[in-house]
There are 2 protein chains.
Amino acid sequence: MSKLLVFGHLNPDTDAIGAAIAYAHFLNQIGEETEAVALGTPNDETRFALEHFNVPVPRVIEQAAPEVERVALVDHNEFAQSVADIRDVQIDYVVDHHRIANFETAGPLYYRAEPIGSTSSVLFKLYQEKGIEIPTDVAGMMLSAIISDTLLFKSPTCTPEDVKIAQQLAEIAQVDVNEYGIQMLKAGADVSARSAMDIVDGDAKTFDMNGHKVRIGQVNTVGFVDILKRKAEFLDVMQSELSKHDYAIFLLVITDILENDSIGLVVGGDTTPVTKAFDQAITDNQLNLPQIVSRKKQVVPPLTDAYMS
Amino acid sequence: MSKLLVFGHLNPDTDAIGAAIAYAHFLNQIGEETEAVALGTPNDETRFALEHFNVPVPRVIEQAAPEVERVALVDHNEFAQSVADIRDVQIDYVVDHHRIANFETAGPLYYRAEPIGSTSSVLFKLYQEKGIEIPTDVAGMMLSAIISDTLLFKSPTCTPEDVKIAQQLAEIAQVDVNEYGIQMLKAGADVSARSAMDIVDGDAKTFDMNGHKVRIGQVNTVGFVDILKRKAEFLDVMQSELSKHDYAIFLLVITDILENDSIGLVVGGDTTPVTKAFDQAITDNQLNLPQIVSRKKQVVPPLTDAYMS
């Protein structure tokens, strides 16, 4: 069999990178030649994790077909969130924890998804089922991915399984979950040195909602005061991205990781679906998103519903 | 949690019915209230299996939403092959062994697919992983499903895993695989008493190929001579189904289960994709499909390619 590239979504977060590393190792153990790559430069939080566990930064690719015929996707399936030439390669494996949409294959494949907190939790089960040992550094990246996706178990996407799996991974990785977790999240929440473009679009994903291209970014912070001083700058970038890519709206979710609360910034021709989805008034392109921390579970579903009706 | 309906595809074959029964039992063991139902009356082969293992014939449903909010799909995912109101219910589980296409969900779900011979083989792994015991009658239906989908291990879709799993199921079900398998396949291959409509459309599925609605039926026989005496009758039914449902083409694959060979009958406005896909001339709406026995692996992919180019 020819070599497989293994990668997570565009604008990778820690689960996209950690799960790619973990699945590449797993597939290698069951006989595949693999390489974990990334569809973008790792963010500060992911870099902190990679450095902490001494894992090399994965190579960034923009196309897959010039190098390989076969790929494995982790932490995503929607083509709009994948490599640009995804339609030109064969998808042999997917491991994920998102909805399935705007995805198709020509032939049968291995697909494993579960509605739990992170792709790395699903991967932990695969390792257990096959009785494959998880190396210390891989366990560290999987743990980081779970902490990142669940905001240290505080997100509504977190399940008791994720917590149990994280504890087992922490033992293998030899770290204290809470101490390491807060350190890692804080490393990602310091946005002072980041450009407006990076903050706005660095973690953004595009969703097709009833034919509308909806762009949703999310950034973690500690407190809202500092970051909101740069609001005008963010809105400028969002407006120009909106025009450039023909998005229906661009919504930036700013999440306070210690308070578990968010504020939304939004631009777009018609923002009534946002008002409707969250039952919050938009004033000066800004709305409160009280107790919302999960894009997947608390932002995408109500917004999809609002666009459907 | 509310009750789940568990079902396979329209025009159910033995895997669609067997896997629904097996997954309903499995989900029940992990705490779900379930009922295995069918999207059509079981065929002769499936009836033989149900009678042999003393399993009641599942109830046939035409809609899901009036009864339940949540469903589990087995042996299919494409909405065109599912219950008519699939978009009105929440899909919480899928276990399958086909390509993924024309399928989407609003939220995360449990999805398990592997590129192996039958859905029941995938289900066997789930039982093993959770350490859940398979009752004798359920094992019998799972075994029947594997035999049916792999034509007693002769289809190119069959993997060494399917053979091994079938042997383990045969032990639980207390039958001899080969003896029982030939009996069951022959029960399904006797088409003398079946109407032309049932033979042509009883196992047919619709595939979206580059915007064309392609209908592909398959029927198992022993020898071609007898069945081809009814060719004119079949073509009449295919032509009238084509007009009624606006299919681009209707292809009936007649498979000799002992010789592992097929003949195709085809109607449609433009049949050149069929000629191209199989590199066979069509004479009087008929073409040879030498050594072809698997719709999934040997018919759908080349035909999809032919429609794409």
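In this predicted model, the loop of chain A that runs between helix H10 (272–278) and strand E10 (286–289) includes Asp279(A). The backbone of Asp279(A) has a phi near 55°, a positive value in a residue that is not glycine. With a relative accessibility of 70%, Asp279(A) counts as exposed, because the cut-off for that class is over 50%.

Turning to helix packing, helix H2 (residues 44–52) and helix H6 (residues 177–189) of chain A pack with their axes 6 Å apart, at an angle of about 135°. That angle makes H2(A) oblique to H6(A), since the roughly antiparallel class takes angles over 145 degrees. The crossing of the two helices, H2(A) and H6(A), is right-handed. On the H2(A) side, the contact is made by Asp44(A), Glu45(A), Phe48(A), Ala49(A) and His52(A). These meet Tyr180(A), Gln183(A), Met184(A), Leu185(A), Ala187(A) and Gly188(A) of H6(A).

Helix H3 of chain B, residues 119–130, can be checked by its length. Its 12 residues, at 1.5 Å a residue, should span 16 Å, and the end C-alpha atoms lie 17 Å apart, which agrees. Nine of the 12 residues of H3(B) are buried, so the helix is largely enclosed by the rest of the structure. The buried set is made up of Thr119(B), Ser120(B), Ser121(B), Val122(B), Leu123(B), Phe124(B), Lys125(B), Leu126(B) and Tyr127(B). The packing partners of these buried residues in chain B include helix H1 (14–29), helix H4 (136–150) and helix H5 (160–173). Strands also take part, namely E3 (70–74), E4 (90–96) and E5 (110–113) of chain B.

Ser121(B) has a relative accessibility of 0% and so counts as buried. Leaving aside residues up to four places away in sequence, Ser121(B) touches Ile116(B), Ile146(B), Asp162(B) and Ile165(B).

How values were computed:
Residues numbered from 1 in each chain as written. Chains lettered and ligands numbered in written order. Predicted model: local features only at pLDDT ≥ 70, side-chain atom pairs only at ≥ 80, totals over all residues. Heavy atoms only, no water. Helix = DSSP H or I, 4+ residues; strand = E, 2+ residues; numbered from the N terminus. Buried < 20%, exposed > 50% of the residue type's maximum accessible area, 1.4 Å probe, protein only. Axes fitted to C-alpha atoms, helices over the stretch in contact; angles between N-to-C directions. Parallel < 35°, antiparallel > 145°, perpendicular 65-115°, else oblique. Left-handed = near helix turned anticlockwise from the far one by under 90°. Contact = heavy atoms within 4.5 Å. Expected span 1.5 Å × (residues − 1).
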